[in-house]
Amino acid sequence: MTECLDAIYQRRSVRKFTSDPVDRQIVEKLIQDAQMAPSAGNLQARDFIVVTNTAVKKKLKEAALDQKFLVQAPVIIVFCANTPRSSRIYSGRGELYSIQDASISAMVMTLAAHDMGLATCWVGAFNDADISEILMIPHNIRPVCMLALGYPADTPDTPDRIDASKLIHWQSW
Ligand SMILES: Cc1cc2nc3c(=O)[nH]c(=O)nc-3n(C[C@H](O)[C@H](O)[C@H](O)COP(=O)(O)O)c2cc1C
C-alpha cells in the first residue's frame, strides 16, 4: 500500500486522548495541510476556529449532546462554511459548496493528523445555534463539523463497512 492509502485505512476516530498538549505550530501546520483540500472554484470558503480553553471546550461539549471526550481533547477545531465567500461567485449554490469546502478540509486534516501521530474524532452532532453563540460566529457563517484533536490514548478497532458492491450503482441509480 502507498503511504496515502495506508493512512486512509489506518485512521480511526479516537475518543480518548493523552494529556499531552498539541503545540500551536502543529495546529497551524494542520490547518495549512487542510487548506490543500480542493474547493469550489478554489474559493476556499472555509474558516477554522481553534479552541483550547477548557471553559469554552465545556460549553462546546454541552452544545454537542454532552460528548465528554470534547473536554478531554486538548484541541477542538471547528470547521466553518463561509457561504458569502462562495456565494459571491456561485449565488445559491454557494451554500452547498461552502459546506463541501469545509467538510473536505476536515477530512484532509484527519489524514494529516494521523500522519503526524495525532488522532481526531469528527463531531457532527451539535446544536448549530449554540455553537455559533458560544464562538460568536457571524450569522451567515455555519459551523459544519468539529474535530477533537490530540495524541491517542486508544487504538479502536476498524468499524465494519458496508461492502462497496452493495453501494455501487453502475451507469444510473
Ligand atoms: C458527518 C459525521 C458526523 C459524526 N459525528 C460524530 C459525533 O458527533 N460523535 C462521535 O463520537 N463521532 C462522530 N462521527 C464519527 C463516526 O462515528 C465514525 O467516523 C464512524 O463510526 C466510523 O469510524 P472510523 O472513523 O473510526 O472509521 C461522525 C462522523 C461523520 C462523518
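**The ligand site and selected residues**

In the side chain of Arg 15, an N or O atom is found 2.7 Å from an oxygen atom of the ligand; such a polar contact is a pair of N or O atoms within 3.5 Å, where a pair within protein must also have one atom able to donate a hydrogen and the other to accept it, and residues adjacent in sequence count only if both atoms are side-chain atoms. Of the 630 Å² of accessible area that the ligand has on its own, the protein covers 63% (Shrake-Rupley method with a 1.4 Å probe; for residues, only the protein chains shown count as cover). The model is a predicted one, in which local features need pLDDT of at least 70 and side-chain atom pairs count only at pLDDT 80 or more, while totals for chains, interfaces and linings use all residues. Residues are numbered from 1 along each chain as its sequence is written, and side-chain values use heavy atoms, with hydrogens and water left out.

Two further side chains meet oxygen atoms of the ligand. For Ser 13, a polar side-chain atom is 2.5 Å from a ligand oxygen, and for Arg 11 the distance from a side-chain N or O atom to a ligand oxygen is 3.0 Å. Altogether, 13 residues surround the ligand (each with a heavy atom within 4 Å of it), and the closest include Gln 67 and Arg 161. The shell consists of six nonpolar, three polar and four charged residues (nonpolar: Ala, Val, Leu, Ile, Met, Phe, Trp, Tyr, Cys and Pro; charged: Asp, Glu, Lys and Arg; polar: the others, Gly among them). Strand E3, residues 119-123, gives the most to this shell, with three residues (helices, H or I, of at least four residues and strands, E, of at least two are DSSP runs, numbered from the N terminus).

Tyr 9 is part of helix H1, residues 3-10, and counts as exposed because its relative accessibility is 52% (buried is under 20%, exposed over 50%, partly exposed in between; 1.4 Å probe, protein chains only). Ser 39, in the loop between helix H2 and strand E1, has 15% relative accessibility and therefore counts as buried. A polar atom of the Ser 39 side chain lies 3.0 Å from the backbone nitrogen of Gln 44.

Most residues other than glycine have a negative phi. Leu 65, however, has a positive phi near 55°; this residue sits in the loop between helices H3 and H4 and is exposed at 66% relative accessible area. Met 136 also has a positive phi, near 55°, and is exposed, at 72%.
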